[in-house]
Amino acid sequence: RIWSPRRKFEAWRRIWLALAEAQHEMGLPVTKEQLDAMRSALRLTEDDFARAKEHEKRLRHDVMAHVHAFADAAPAARPIIHLGMTSQDVNCNAETPIIREALDLVIAKTARLVAQLGTFAMKWKAEACLGFTHYQTAQPTTVGKRAACWGHDLALCLERAEATRDALRLRGLKGATGTQASFLALLN
């Protein structure tokens with residue numbers, strides 16, 4: 001679900017709406033009617049997917065195909081959808097929250113695994129076994145000690161995943177060739 005096309009394309013629509021709302025607040029000619037039309041078309045339908053597929057055959061551009069499909073679903077907003085943006089503005093900003101949600105899932109599952117390994121390590125802390133190194137037997141240890149080592153390694157991975165998630169930031173909107181020229185022109 002996290003990585004589904006529906007999730008990505010609905011994120012694009014939410015970004016286009018957020019931009020239009022900001023442009024409305026900045027005094028650009030974006031009307032409440034256009035914003036309402038966009039809000040009412042945020043959820044993708046099967047017809048939207050079919051329209052986007054047809055647009056992409058003609059345009060050979062995934063983002064522009066979805067701009068047109070969104071405009072078909074919200075005709076009043078057609079002139080202002082994606083106004084001043086580049087494809088990367090929408091694509092990169094849509095990916096960041098999706099990556100964050102995926103990391104949240106990995107973090108939750110890893111935390112549960114670390115806790116389970118802790119319980120397992122305590123249960124088997126006195127059970128003797130042979131350790132292995134380089135695919136051969138090594139010194140004696142316990143099953144609990146081995147599980148504790150695995151848990152420690154995973155706890156380090158968990159810390160790294162949390163730090164990565166916490167450092168994720170939206171990319172901002174740069175407009176044409178990353179210069180913000182399109183937005184500067186729109187706002188004089």
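Cysteines. I looked up Cys92 in this predicted model and found Cys92 buried, at a relative accessible area of 18%. Cys157 is partly exposed, with a value of 49%. I then checked for a partner to Cys157: the closest cysteine sulfur belongs to Cys149 and lies 14 Å away, too far for a bond. A disulfide needs two cysteine sulfur atoms within 2.5 Å, and by this rule I count 0 disulfides.

Nonpolar cores. Which residues have the most contacts inside the largest nonpolar core? I noted Trp12, Trp16, Met38, Ile81, Met85 and Val90, in a core of 27 residues. The elements giving two or more residues to this core are α1 (5–25), α2 (32–40), α4 (62–73) and α5 (87–123). The largest share, 8 residues, is from α1. I also logged a second, separate core of 5 residues, with Leu103, Ile107, Ala161 and Leu168 among them.

Trp16. I listed the contacts of Trp16, leaving aside neighbours within four places in sequence. They are Met38, Val63, His66, Val67, Phe70, Ile81, His82, Met85 and Val90.

How do α1 and α2 run, roughly parallel or roughly antiparallel? Their axes come within 10 Å and cross at roughly 165°. Angles over 145 degrees count as roughly antiparallel, so α1 is roughly antiparallel to α2. The crossing of α1 past α2 is left-handed. On the α1 side I recorded Trp16, Leu17, Ala20, Glu21 and His24 as making the contact, and on the α2 side Lys32, Leu35, Met38 and Arg39.

Definitions and conventions:
Residues are numbered from 1 along each chain as its sequence is written. This is a predicted model: local features need pLDDT of at least 70, side-chain atom pairs count only at pLDDT 80 or more; totals for chains, interfaces and linings use all residues. Side-chain values use heavy atoms; hydrogens and water are left out. Buried means under 20% relative accessible area, exposed over 50%, partly exposed in between (1.4 Å probe, protein chains only). A nonpolar core is a set of buried Ala, Val, Leu, Ile, Met, Phe, Trp, Tyr and Cys residues joined through side-chain atoms within 4.5 Å. Helices (H or I, at least four residues) and strands (E, at least two) are DSSP runs, numbered from the N terminus. Contact means heavy atoms within 4.5 Å. Axes are lines fitted to C-alpha atoms, for helices over the stretch in contact, and angles run from 0 to 180 degrees between N-to-C directions. Angles under 35 degrees count as roughly parallel, over 145 as roughly antiparallel, 65 to 115 as roughly perpendicular and the rest as oblique. A crossing is left-handed if the near helix is turned anticlockwise from the far one by less than a right angle, and right-handed if clockwise.
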